[in-house]
Amino acid sequence: MDAIAVQDLRKRYGDVQALDGVSFAVREGEVFGLLGPNGAGKSTTVRTLVTLTTPDSGSASVAGHDVLRERLAVRRALGYVPQDSGVDQLGTGRENLLLQGHVEGMSGRDLRARVDELLELVGLAAAADRVVRGYSGGMRRRLDIALGLVHRPRVLFLDEPTTGLDPEARVAMWAEVSRLAQAESLTILLTTHYLEEADQLADRLAIVSQGKVVVEGTPAELKAGLKGDAVTVELENGAVDEAQRVLASVGATPDQVLEGRTIVSRVENGGRALPGIISALESAGIAVASVSLSRPSLDDVYLHFTGRDFTSEDRAA
Amino acid sequence: MKTLSDTWFMVVRQARNLRREPIWLVLLLGQPMVWLLLYGQLFKNVTKLGGFGTASYITFLAPAIVVMNAFFGATWSGMSMIYDLDHKIVERFLATPASRFAIVLSQIVRSALTAAIQAVIILLVSLALGVRVHTGAAGWVVIILAAILVNSSFAGVSQAIALLTRREATMIAVANFIGLPLLFLSTTMIARPQMPGWMQEVAKFNPVDWGVRAAREVVLPGTSWGHVGMYLLLLFLLSALTAAWATYTFRAYQRSL
């Protein structure tokens with residue numbers, strides 16, 4: 001059975017169609033990534049699944065419970081680590097965890113033992129009785145995750161778990177999430193706008209763009225689907241059409257054109273094809289600013305399926 | 001059951017935060033002390049006008065200041081809801097099985113609890129200033145109850161406004177807009193016979209005045225327990241009504257998510 005099933009969710013805020021028919025399924029026990037730039041609809045999807053937001057249409061279930069009709073059962077089954085933490089900064093780590101446990105319906109020795117266990121698990125045992133205001137960014141994020149786990153949920157939603165963390169803390173958090181997924185035998189849905197993060201953490205992922213899932217699969221499948229390496233040719237001037245013809249003649253199939261002067265092509269074996277490509281462009285009299293070669297990455301996958309460059313789109317959002 | 005226990009744990013959280021920054025409790029008491037000590041002295045001869053039921057203006061004033069303080073505290077209580085909304089603390093609760101009603105109710109209970117603690121402190125200071133509660137311990141209970149009920153009546157309103165506007169600036173404007181008019185349209189500072197006729201009529205419908213009258217009734221001789229009971233009952237009903245309104249606006253907030 002799917003731990004999370006999402007069917008054609010739609011949600012409109014004023015003039016913005018935040019969700020435009022999102023569908024995907026997450027199997028039990030897997031770490032599933034929703035990847036996309038800011039504003040793509042990832043958070044709205046998660047907020048719908050955790051019952052915070054009501055969709056205009058479509059349906060979804062979490063742990064077998066309908067998110068519209070069985071809200072209480074859904075809330076009991078899930079743990080939610082929101083993008084903006086929602087921790088009480090004036091309380092200590094332990095107090096926050098105890099309160100979370102109480103409203104989740106836990107009490108007494110069971111709750112206290114669980115809180116101790118989690119503090120240990122996320123490495124906050126020493127800071128447990130300090131007020132959260134004095135925590136570092138990484139410590140807060142680990143507390144957020146512990147808060148989502150207090151009631152031993154079966155499905156955990158992590159909304160942008162590493163946004164705002166420095167690179168070092170980010171890598172530590174990845175290890176943390178992988179470890180927790182194992183230790184608590186969880187199904188995890190995480191959203192991220194870091195390609196690297198999705199690549200590292202997700203067993204499978206869906207790329208979300210403009211309120212829709214554009215492609216779904218394992219990172220390896222998605223990359224393999226691109227067939228070959230990417231050769232990126234940046235032209236001095238805008239002779240794009242001619243350059244594309246030349247590239248095609250030497251077996252480098254043009255895939256995308258960026259900003260009117262950069263051509264991304266696919267070739268079977270980049271290392272072997274590169275000298276031929278350069279000399280063909282040279283003899284055709286096309287001025288080249290730079291040529292680069294890369295193994296297929298999620299960046300390329302994103303570019304291929306959305307026709308947009310991930311990094312620049314994310315920055316613009 | 002879940003609503004009660006959730007409310008309890010959420011109140012404990014807020015009370016604990018208040019205890020961690022007790023400076024607030026003191027700062028909030030500054031204003032009533034100014035009224036009691038300076039205003040009470042400045043106008044101490046006003047009782048010569050008659051109709052006050054006592055020659056000691058501070059005895060007349062003290063129970064009213066307790067209620068006034070509870071009222072002013074209530075008008076600001078929505079600020080704490082806005083803080084919790086802004087810091088996504090409310091959203092965190094909403095993704096759990098936590099009772100929705102408890103999220104609103106805990107704010108009102110915390111506000112009323114603060115008013116009760118401040119009431120005790122103001123009464124103790126008044127005692128030191130020579131104010132005697134004519135009906136003794138029962139009178140103290142009534143005054144504290146009046147403070148709690150006036151506070152929760154207006155805390156409900158403040159919560160509703162906080163949930164509707166979700167902006168601190170609007171909260172401040174509303175608090176200032178209703179604060180002084182309701183104070184002046186009551187017998188807080190002046191005996192009823194000394195008020196202009198139309199003001200006496202308007203004051204009858206002013207919940208702040210209901211609280212002031214109940215509290216003053218037990219301080220001065222000639223206590224009418226029937227009146228005390230009636231005012232407290234009216235305030236209790238109003239509290240229930242405004243709490244219901246606040247809960248209703250909370251649903252509107254949820255729909256906006």
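Residue numbers start from 1 along each chain as its sequence is written, chains are lettered from A and ligands numbered from 1 in the order in which they are written. Since the model is predicted, local features need pLDDT of at least 70 and side-chain atom pairs count only at pLDDT 80 or more, while totals for chains, interfaces and linings use all residues.

The predictor gives the complex an ipTM of 0.86 and a pTM of 0.85. Chain B comes out with an average pLDDT of 93, and 100% of its residues score at least 70; pLDDT is the predictor's confidence in each residue, from 0 to 100.

Chain A is split into domain 1 (2–223) and domain 2 (227–295), with bounds from an automatic or database domain assignment. Their C-alpha centres are 41 Å apart.

Where the chains meet, 21 residues of chain A and 18 residues of chain B take part (contact: C-beta atoms, placed from the backbone, within 7 Å). On the chain A side, helix H2 (71–77) and helix H3 (93–103) each bring at least two residues, and H3(A) gives the most, with four residues. Helices (H or I, at least four residues) and strands (E, at least two) are DSSP runs, numbered from the N terminus.

Chain A also has an open, antiparallel sheet of four strands, ordered S12-S13-S11-S14; pairing takes at least two DSSP bridges between two strands. Strands S12 (253–258) and S14 (288–294) of chain A sit at the edges with a single partner strand each, so one side of each lacks a neighbour in the sheet. S12(A) pairs with S13(A) (residues 262–267) over five antiparallel bridges, and Gln256(A) stands opposite Val264(A) in S13(A).

Note on methods
Contact = placed C-beta atoms within 7 Å.
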